[in-house]
Amino acid sequence: MKLVIANWKMNHLRRDAEAFCATLLASYKPVEGVVAGIAPPYPLLPVLARLCAGSPVRLYAQNAHAEARGAYTGEVSMAQIQDAGCTAVLLGHSERRQYCAETEATLLPKIKAACAQGLLPMLCIGETLAQRDANETLDVLRRQLAILPEAAPESLAIAYEPVWAIGTGRVATVAQIAEVHAFIRKELTTLLGAAGAEVPILYGGSVTPDNFAEIMRVPHVAGGLVGGASLDASKFLKLLEIAGA
Ligand code: PEP
C-alpha cells in the first residue's frame, strides 16, 4: 500500500478547494494500491467531502483531540472529524510539536482515541537540524516511536519528516532517507511485532514531482506526506502518478 497525502496546513479557501478538486478529479486515474489523501484545514472538510464524494480520495484531519467531548474550546474530537468525512488523522506533525506543545504524552492518548474511533492515525516523527548535527537522529526517532506498544494501534502509518526539510526546499538525501526508514522499520517490528512489518512509512520534507520518483525507490518508503507541492492540483496529480508507476 502506497500513500500520497496532501497536507494543506493553514492554506486555501473554499474557492481554492473547489478549483483544486475540479482539476484533480478531471484527470485523476486511481491506481490499485495507491491511496490519495487530502488533509485540509477543518472548515474545508465538508467542502472536500462533498466534492470528493464518489471518488477514492480520502480525507485526513491535521489533528484532533484525545477526549471524546467536553469543555475544550477550539478543539475537535475524533468523532467529529470522522463525522465530517475523515478516515485518518495526522498526529504529531512537527509544526504541532513546535507551536502547540505536542509531546509523546499528548500523542499517546490521541493515537488510542483515533483507533477507538476507527480512524487511521498517521504519526509524524522527525529530528531537528540541531539534533541531526548532534548525531541524535536515531535516538530522537526511537523516543518518538516508544509510545507505540502502549498505544497498541489497530492500524497505523508513520510519516518520517526531518524538521529541517519541511518547507525549506532542502530534501534529505537518498542515503539519509534509506538509513532512517530502515531504522524505523526495525523499531516498528521490535515494538509491534509482525504488525510492525506492515506499517506504511512515508517520507515528508520538500517533496516535489522532481524528486519524488527517486525517493519512492528507497526501500521502506511507502509514499509521501506533502505540504507545499500538494497545494497545486497538477503537482499532486503528478505525485500520484509517480507513486503508481
Ligand atoms: C509537511 O508539512 O508535512 C511537509 C512535508 O511540508 P513540505 O512538503 O512543504 O516540506
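**Ligand site**

I began with Gly-228, where a backbone N or O atom lies 2.8 Å from an oxygen atom of the ligand; I took as a polar contact a pair of N or O atoms within 3.5 Å. This is a predicted model, in which local features need pLDDT of at least 70 and side-chain atom pairs count only at pLDDT 80 or more, while totals for chains, interfaces and linings use all residues. Residues are numbered from 1 along each chain as its sequence is written, and side-chain values use heavy atoms, with hydrogens and water left out.

I then looked up Gly-167, which has a backbone N or O atom 2.6 Å from an oxygen atom of the ligand. For His-93 I found an N or O atom of the side chain at 2.9 Å from a ligand oxygen. Around the ligand I noted 14 residues, of which Lys-9, Glu-161, Gly-167, Ser-206 and Gly-227 come nearest; a residue is near a molecule or strand if one of its heavy atoms lies within 4 Å of it.

**His-93**

Where does His-93 sit in the chain? I placed His-93 in the loop between S4 and helix H4 (94-99), with helices (H or I, at least four residues) and strands (E, at least two) taken as DSSP runs numbered from the N terminus. His-93 is buried, with a relative accessible area of 4%; buried means under 20% relative accessible area, exposed over 50%, and partly exposed in between, using a 1.4 Å probe and protein chains only. Leaving aside neighbours within four places in sequence, I listed Asn-7, Lys-9, Cys-124, Glu-161 and Ile-166 as the residues in contact with His-93, contact being heavy atoms within 4.5 Å.

**Barrel**

I traced eight strands that close into a barrel in the order S1-S2-S3-S4-S5-S6-S7-S8, with parallel pairing; two strands pair if DSSP finds at least two bridges between them. From one strand to the next, the twist averages 25 degrees, where axes are lines fitted to C-alpha atoms, for helices over the stretch in contact, and angles run from 0 to 180 degrees between N-to-C directions.

**Strand S2**

Why do I call S2 (residues 34-39) largely enclosed by the rest of the structure? Six of its six residues are buried, so I could describe S2 in that way. Val-34, Ala-36 and Ile-38 are buried on one side, and Val-35, Gly-37 and Ala-39 are buried on the other.

S1 (residues 2-7) pairs with S2 in the parallel sense over six bridges, and I found Leu-3 with Val-35 of S2 as its bridge partner. S2 also pairs with S3 (residues 58-61), in the parallel sense over two bridges, and Gly-37 stands opposite Arg-58 in S3. I followed the chain from S2 through helix H2 (residues 45-51) to S3, a β-α-β crossover that is right-handed; that term applies if, with the strands pointing away from the viewer, the path from the first strand over the helix to the second runs clockwise.

Helix H11 (residues 233-244) lies across S1, S2 and S8 (223-226), and I noted that H11 runs at about 155 degrees to S2.

**Strand S4**

Five of the six residues of S4 are buried, so I recorded S4 as largely enclosed by the rest of the structure. Three bridges join S3 to S4, which run parallel, and the chain crosses between them through helix H3 (residues 78-83) in a right-handed β-α-β crossover. S4 and S5 run parallel and are joined by four bridges; in S5, I found Leu-120 as the bridge partner of Ala-88.

Definitions and conventions
Polar contact = N/O pair within 3.5 Å; in protein donor to acceptor, adjacent residues only side chain to side chain.
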